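Here are a few exercises to work through with the model open on your screen. Try each task before you read its solution.

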Amino acid sequence: MEIRVYDTKEQCGKAAAAIIAAQLLRKPASVLGLATGSTPIPCYQELVRLYEEGVLDFSKAVSYNLDEYVGLPADHVCSYHHFMRVNLFDHVNIRLDATHVPSGTAGDIHEEGAAYDAAIAAAGGIDIQVLGIGRNGHIGFNEPADSFTKGCHLVQLTDSTIDANTRFFNSRDEVPKQAITMGIGSIMAAKTVLLMATGADKAWAINATVNGELTPAVPASVLQTHHDVILILDKAAASLL
Ligand code: GLP
C-alpha cells in the first residue's frame, strides 16, 4: 500500500483529484468507481475546478458508484444518486447516461446487483475505485461480517453506520436500515484503489486496515492483498499508524 499523509482534508482532496485527473488524462474513457460520504467532497470540488479550468474532460468517462440506500428513490435528497449529481455530475461534462448508481428501489435487489456487476464487467472493469471508510472499517456498505461477499448485494446496516449517517437525515428513524452495495470482490477487481480518510474518528479503522489482521470483521483489511492501493490520509486519520 502507498500511504500519503497531509495536514488538511483539502490537501487530501487535491491529492486524490490529482490521481483521478492523471487517470482521465491518460485514458479519457476511464471507468471511474465513485464513492459518497463527506470525505470525497473536497476531491470532487477539485475535479470540478479542473474541469472548469479546461484541464479535464469527462465526456468519454463512465462511472459506477459503490452503493445506495434501499428504499430511497433517485430524487430523494438523501439518496446517493442525488449526492452524486449535486457534488459532481451536475458540474462536469460527464454524460448522465454514462453514470451509474445501484438502484435502491429495484423490485428485486438481488437481480439489480447481478445486473450491476454484469454492467461493470461489460464496461471493461473499473480503472480506479474511490473509497471512503466507515468507523468500523466498512467500505461501500460492506459491513463487518463473517465472510467477504463477492458481488453487488443487499446488506443490513449496522447500528454504528446508521448512527454515523444520521447526520444526513432529519432523524435516526429516517435512515434506511438496508442498502445495496458493490461487493468486496467487485471492489478488489478495480485496477487501482484510492482510499481517502480524514478525521480522528477514522484512525482506528485506518490502523486496522493497514496493520491489522486480514479479516472480514474489518472489511477494508482485504485491501492489504490488492496490488495497487493508495491511501490518502490526513494526520488525524493516520495518527495510529
Ligand atoms: C457511508 C458510505 C461509505 C462511506 C462512509 C463514510 O457508509 N456508504 O461509502 O465511506 O459512509 O462516510 P464519511 O466519508 O462521511 O465519513
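**Exercise 1. Is Asn 65 buried or exposed, and which residues does Asn 65 touch?**

Keep in mind that you're looking at a predicted model.

Step 1. Start with the area: Asn 65 has a relative accessible area of 0%. Buried means under 20%, so Asn 65 counts as buried.

Step 2. Now find its place in the fold. Asn 65 sits in strand β3, residues 62-65.

Step 3. The Asn 65 side chain reaches the backbone oxygen of Leu 34 at 3.3 Å.

Step 4. List the neighbours, skipping residues up to four places away in sequence. Asn 65 then touches Leu 34, Ala 35, Thr 36, Met 84, Phe 89, His 100, Val 101, Pro 102, Tyr 116 and Met 182.

**Exercise 2. Check the span of helix α1, then work out what covers its buried residues.**

Step 1. Helix α1 covers residues 9-26, which makes 18 residues. At 1.5 Å a residue, α1 should span 26 Å.

Step 2. Compare that with the model: the end C-alpha atoms of α1 are 26 Å apart, so the two agree.

Step 3. Pick out the buried residues of α1: Cys 12, Gly 13, Ala 15, Ala 16, Ala 17, Ile 20, Ala 21, Gln 23 and Leu 24.

Step 4. See what lies over them. The cover includes β1 (2-6), β2 (31-34), α2 (41-52), β6 (128-131), β9 (192-197) and β10 (229-234).

**Exercise 3. Which residues come nearest to the ligand, and how much of the ligand does the protein bury?**

Step 1. There are 13 residues around the ligand, and Ser 38, Thr 39, Asp 67, His 138 and Lys 202 come nearest.

Step 2. A polar side-chain atom of Ser 38 lies 2.7 Å from a ligand oxygen atom. For Arg 167, a polar side-chain atom is 2.8 Å from an oxygen atom of the ligand. Gly 140 uses its backbone instead, with an N or O atom 3.2 Å from a ligand nitrogen atom.

Step 3. Finish with the area: the ligand taken alone exposes 390 Å², and the protein buries 95% of that.

Conventions. Residues numbered from 1 in each chain as written. Predicted model: local features only at pLDDT ≥ 70, side-chain atom pairs only at ≥ 80, totals over all residues. Heavy atoms only, no water. Helix = DSSP H or I, 4+ residues; strand = E, 2+ residues; numbered from the N terminus. Expected span 1.5 Å × (residues − 1). Buried < 20%, exposed > 50% of the residue type's maximum accessible area, 1.4 Å probe, protein only. Contact = heavy atoms within 4.5 Å. Near = heavy atom within 4 Å. Polar contact = N/O pair within 3.5 Å; in protein donor to acceptor, adjacent residues only side chain to side chain. Areas by Shrake-Rupley, 256 points an atom, 1.4 Å probe, with all protein chains shown as cover.
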